[in-house]
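I opened this notebook to record what I looked up in one structure, in the order in which I looked. The entries go from the whole chain to single elements and then to single residues.

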Amino acid sequence: MTHTTTHPTHPDDGAPAAAPRADVVLPCLDEAEALPWVLARIPAGWRAIVVDNGSRDGSAELARSLGARVVHEPRRGFGAACHAGLLAAEAEFVCFCDCDASLDPELLVPFVRQVADGETDLVLGRRRPQRRGTWPAHARAGNLALSHLLRRRTGLRLHDLGPLRAARRTDLLALDLTDRRSGYPLQMVVRASDAGLRVTEREVPYLPRAGKSKVTGTWRGTWQAVRDMRRVLAEPARTQGSPLAGDSPAGAAPPPGHTAAPAAPAAPATPAAPAAPAAPTKERA
């Protein structure tokens with residue numbers, strides 16, 4: 001069984017010089033209001049890759065003027081934008097962050113440091129709302145339901161499936177991610193677990209976003225996302241022996257600086273896809 005750990009974020013462990021260079025993928029759809037703050041928080045020496053997913057508010061032009069690399073992805077979908085950014089990335093480490101000012105990209109520095117030091121392979125941010133109303137009840141309920149289903153599917157004891165995350169580019173490409181909608185973040189975690197990668201959580205402050213959410217701003221949007229993610233959970237498990245696109249041939253040397261995850265015990269038989277969760281209730285405080 002794969003285990004996860006949660007680390008608090010300390011104010012003094014986020015110095016940009018303490019982590020290797022990384023590319024930060026920022027999926028973007030009409031985020032002109034938030035872009036200046038987000039791009040100003042990209043750690044020094046890192047590169048911002050803003051993936052414009054059909055913005056009509058000048059987001060692409062603004063991002064380019066602020067020094068970001070802009071990639072255009074005409075196919076609508078959160079996963080489509082994220083994957084286009086991953087394919088455009090060139091750094092050894094790739095991070096993902098929402099482009100709505102709800103999460104601080106500077107917090108990614110200790111994420112990358114953990115991966116670079118060989119402590120883990122994929123780091124996720126566990127969101128901690130900083131203000132009442134930041135995380136709507138329906139979004140929190142959907143997240144809780146998916147975390148429970150993920151635990152049943154993989155054994156991972158995660159509390160959040162948030163968008164702030166970091167890993168090696170080669171590891172992410174080897175997962176052969178195929179979802180191009182809301183299931184992309186979950187598919188990344190599921191396939192990472194199946195591949196024997198170590199998954200870790202770090203607590204991060206969650207701020208009120210700029211503008212309205214395109215996915216979880218409504219009950220309908222939330223349950224569309226849950227439906228996408230349930231489809232991911234229904235995929236057959238990929239064991240460590242199963243080939244993944246981008247895998248090195250047997251016996252090939254790992255990428256420079258890569259610390260292989262310890263071998264995991266044989267995976268148990270994959271349970272049948274769980275039934276859709278009942279209508280969510282508010283999470284207890």
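**Entry 1: basis and overview**

I note first that this is a predicted model, in which local features need pLDDT of at least 70 and side-chain atom pairs count only at pLDDT 80 or more, while totals for chains, interfaces and linings use all residues. Residues are numbered from 1 along each chain as its sequence is written, and side-chain values use heavy atoms, with hydrogens and water left out.

I looked up the secondary structure and found eight helices and eight strands in the chain; helices (H or I, at least four residues) and strands (E, at least two) are DSSP runs, numbered from the N terminus. Of the 285 residues in the chain, 50% are buried, where buried means under 20% relative accessible area, exposed over 50% and partly exposed in between, with a 1.4 Å probe and protein chains only. I then took the contacts (heavy atoms within 4.5 Å), and among those in the chain with a separation of 6 or more, 80% come from residues 24 or more positions apart.

**Entry 2**

I checked strand 2 and found seven of its seven residues buried, so the strand is largely enclosed by the rest of the structure. In a regular strand the side chains alternate between the two faces of the sheet. In strand 2, A22, V24, L26 and C28 point one way, D23, V25 and P27 point the other way, and all are buried.

For pairing I used the rule that two strands pair if DSSP finds at least two bridges between them. Strand 2 runs parallel to strand 5, to which four bridges join it, and V25 has F96 of strand 5 as its bridge partner. Strand 2 also runs parallel to strand 3, here with six bridges, and V24 stands opposite A48 of strand 3. From strand 2 the chain passes through helix 1 (residues 35-40) to strand 3, in a β-α-β crossover that is right-handed, meaning that, with the strands pointing away from the viewer, the path from the first strand over the helix to the second runs clockwise.

Which residues of helix 3 are buried? I listed G79, A80, A81, C82, H83, A84, G85, L86 and A88; with nine of the 11 residues of helix 3 (residues 78-88) buried, the helix is largely enclosed by the rest of the structure. The cover over these buried residues includes strand 2 (22-28), strand 3 (47-52), strand 4 (69-72) and strand 5 (93-96), together with helix 6 (169-174) and helix 7 (184-194).

Helix 7 is itself mostly covered, with 11 of its 11 residues buried, and among them are Y184, Q187, R191 and D194. The helix is followed by G196, which has a positive phi near 85°.

In helix 4 (108-116) I found seven of the nine residues buried, so this helix too is largely enclosed by the rest of the structure. The buried residues include L108, F111 and Q114, and helix 4 is followed by G118, with a positive phi near 80°.

**Entry 2: side chains**

I went back to H83 in helix 3, which counts as buried at 11% relative accessibility. Leaving out residues up to four places away in sequence, H83 touches L177, R180 and Y184. The side chains of H83 and Y184 make a polar contact at 3.0 Å, that is, a pair of N or O atoms within 3.5 Å, of which, within protein, one must be able to donate a hydrogen and the other to accept it, and residues adjacent in sequence count only if both atoms are side-chain atoms.

I also looked for a charge over a ring, which requires NZ of Lys or CZ of Arg within 6 Å of the ring centre and within 35 degrees of the ring normal. R127 lies over the face of Y206, at 5.1 Å from the ring centre.

**Entry 3: backbone and exposure**

Most residues other than glycine have a negative phi, and most peptide bonds are trans. D30, not a glycine, has a positive phi of about 55°; D30 lies in the loop between strand 2 and helix 1 and is partly exposed, with a relative accessible area of 32%. A101, also not a glycine, has a positive phi of about 70°; A101 lies in the loop between strand 5 and helix 4 and is buried, at 13%.

Last, I looked up E61 in helix 2 (residues 59-65), which counts as exposed at 52% relative accessibility. E61 and A32 are 29 residues apart in sequence, and their C-alpha atoms are 9.3 Å apart in space.
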